[in-house]
Amino acid sequence: MRGLESLRIATRALRVNKLRSALTVLGIVVGVGAVVCMVSVGAGAQAEVSEKIRTLGANLLLVMPGARNSGGARLESGTQPTLTEEDAASIRRELVDVQVAAPLLSRSIPLVAANKNWVTVVAGINADYLVAREWQVADGRSFTSDEIVSGAKVAIVGSVIVEELFNGRTGPGETLRIGNVPFTVIGVLGKKGAGAAGRSQDDVVFIPLSAAKSRVLGAVRGTTREALDFISIKVSDATAMPEIERQIETLLRQRHRIRADAPSDFKIENPADILFARGAAVRLLGTLLIAVAAVSLVVGGISIMNIMLVSVTERTREIGLRMAVGASRRDIRWQFLIEALILSLMGGLVGAVSGSVAAVAIAWKAGWPILISPWAIVLACGFAGFIGISFGLYPAHRAARLDPIVALRFE
């Protein structure tokens with residue numbers, strides 16, 4: 001009963017000064033809110049990075065053409081057409097840890113089906129590209145070897161193409177024109193979602209590489225029919241990727257007859273590194289904000305201690321009266337500890353709700369999944385309660401140490 005009575009008295013005391021109590025817990029609200037928000041956003045960002053890496057394909061390297069000079073200025077990467085199908089074949093043939101080396105050549109081209117049209121990326125590939133990207137054909141089939149060699153007019157399309165050109169109907173068997181060339185759809189790709197750059201990976205059409213060169217893409221100014229956009233390389237062992245990068249560079253420099261003192265005319269990238277860097281940046285920002293949140297919690301605890309000391313001074317006669325009618329020092333101590341705990345838990349709960357709302361808003365704006373961890377909320381509120389008890393100990397001890405006679409005479 002004493003515990004319930006102390007809780008009732010503490011609650012009544014806090015209700016008497018509602019505004020002061022609300023202002024006191026602001027530091028706790030900000031601290032807990034920041035912790036819950038950043039833990040949730042960080043978890044969501046990490047999940048998004050993991051999903052992007054999964055959609056890219058495991059253990060993937062990209063070899064891209066280098067940059068050429070024009071009028072004394074160095075243009076962007078990919079403007080120097082240096083990669084060929086034979087480069088890809090050599091990488092696959094000579095490096096034992098390489099599972100596949102898939103060439104790709106692409107351009108943005110208008111598509112027409114019946115009375116609908118759509119502009120998208122049309123990429124010439126061989127069957128190894130789908131293996132490198134771990135991309136499944138959800139409906140229909142992939143290219144056969146004969147279709148790859150002969151340059152057959154067949155296409156595999158992404159789910160976005162099915163929606164935009166065929167009103168969501170099953171793609172296989174449909175016909176579409178790529179430029180002015182009719183192609184038959186033989187397969188629909190499984191959904192991948194947005195890529196690392198934010199563009200939908202499902203908004204794409206794949207055709208045999210030989211068909212892309214001879215029938216659709218052809219030669220464009222500054223390139224040749226043999227030039228590729230990039231080569232996707234799938235490595236069998238993730239731990240061997242740095243060594244594979246070195247071997248690829250050595251092999252291609254030999255094939256392109258590049259002098260030892262000259263820069264490479266190509267570039268090797270690990271797409272996962274970019275995503276890991278972005279995830280690391282989000283985690284670093286989250287760590288910094290959690291540190292700021294910890295400071296805010298401490299400031300909130302100091303505010304609670306300050307207000308509790310003021311409350312002890314204001315209620316000195318009340319304390320003396322309670323002790324005079326039989327309340328023990330332990331009862332007085334628990335009364336003020338309960339008040340401090342209620343303040344901190346109130347701030348923790350409001351902060352948890354505010355942090356969750358902020359996390360949802362940030363995730364929605366950034367396009368990330370939202371992962372609000374119940375454990376993060378429990379731990380943040382638990383830490384807030386610990387702060388309240390820790391900073392409430394001194395005021396509670398001070399109240400319990402008052403002399404009843406002196407307290408009753410206090411004006």
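Reader: How many salt bridges does a search of the whole structure find?

Author: The model is a predicted one, and the search of the whole structure finds nine salt bridges.

Reader: What makes Arg255 and Asp87 a salt bridge?

Author: The N to O distance between the side chains of Arg255 and Asp87 is 2.6 Å. The cut-off is 4 Å between a side-chain nitrogen of Lys or Arg and a carboxyl oxygen of Asp or Glu, so the pair qualifies. The pair links distant parts of the chain: Arg255 belongs to helix H9 (residues 241-255) and Asp87 to helix H4 (residues 85-94), 168 residues apart.

Reader: Are the two partners, Arg255 and Asp87, buried or exposed?

Author: Asp87 has a relative accessibility of 2%. Buried means under 20%, so Asp87 is buried. Arg255 has a relative accessible area of 30%. That value lies between 20% and 50%, so Arg255 is partly exposed.

Reader: Why is the contact of Arg93 with Glu86 also called a salt bridge?

Author: The closest N and O atoms of Arg93 and Glu86 are 3.3 Å apart. This is within 4 Å, and therefore the pair counts as a salt bridge. Arg93, at 53% relative accessibility, counts as exposed because the threshold is over 50%. Glu86, at 39%, counts as partly exposed.

Reader: What is the corresponding distance for Lys267 and Glu269, and how are the two residues classed by accessibility?

Author: The closest N and O atoms of Lys267 and Glu269 are 3.2 Å apart, and the two residues form a salt bridge. Lys267 is partly exposed at 32%, and Glu269 is partly exposed at 25%.

Reader: How many aromatic pairs are there, and what makes the pair of Trp135 and Phe206 edge-to-face?

Author: The count comes to three aromatic pairs. For Trp135 and Phe206, the ring centres are 5.6 Å apart and the planes stand at 85°. The centres lie within 6.5 Å, so the rings pair; the angle is over 60 degrees, so the pair is edge-to-face. The pair links distant parts of the chain: Trp135 is in the loop between helix H5 (127-132) and strand E6 (137-140), and Phe206 is in strand E10 (residues 204-208), 71 residues apart. Both Trp135 and Phe206 are buried.

Reader: Which residues form an aromatic cluster, and which residue lies over the face of Trp135?

Author: Tyr129, Trp135 and Phe206 form one aromatic cluster. Lys192 lies over the face of Trp135, at 5.5 Å from the ring centre.

Reader: What is stated about phi at Glu134 and Arg257?

Author: Glu134 has a positive phi of about 50° although it is not a glycine. Glu134 is found in the loop between H5 and E6 and is partly exposed, with a relative accessible area of 38%. Arg257, likewise a residue other than glycine, has a positive phi near 55°. Arg257 is located in the loop between H9 and strand E12 (266-269). At 74% relative accessibility, Arg257 is over the 50% limit and so counts as exposed.

Reader: Where is Gly42, and why is Gly42 called buried?

Author: Gly42 is in helix H3 (residues 26-56). The relative accessible area of Gly42 is 16%, under the 20% limit, and therefore Gly42 is buried. The C-alpha atoms of Gly42 and Leu371 are separated by 8.6 Å, although the two residues are 329 apart along the chain.

Reader: What makes Pro271 buried, and in which helix is Pro271 placed?

Author: Pro271 has a relative accessible area of 12%; under 20% means buried, so Pro271 is buried. Pro271 is placed in helix H10 (residues 271-314). Pro271 and Leu60 are 211 residues apart in sequence, and 7.2 Å apart from C-alpha to C-alpha.

Reader: What share of the residues of the protein count as buried, and how many helices and strands are there?

Author: Of the 411 residues, 46% count as buried. The protein has 14 helices and 12 strands. Among contacts between residues at least 6 apart in sequence, 76% join residues at least 24 apart.

Methods: Residues are numbered from 1 along each chain as its sequence is written. This is a predicted model: local features need pLDDT of at least 70, side-chain atom pairs count only at pLDDT 80 or more; totals for chains, interfaces and linings use all residues. Side-chain values use heavy atoms; hydrogens and water are left out. Helices (H or I, at least four residues) and strands (E, at least two) are DSSP runs, numbered from the N terminus. Buried means under 20% relative accessible area, exposed over 50%, partly exposed in between (1.4 Å probe, protein chains only). Contact means heavy atoms within 4.5 Å. Rings of Phe, Tyr and Trp (its six-membered ring) pair if their centres lie within 6.5 Å; planes under 30 degrees apart count as stacked, over 60 as edge-to-face and the rest as tilted. A charge sits over a ring if NZ of Lys or CZ of Arg is within 6 Å of the ring centre and within 35 degrees of the ring normal.
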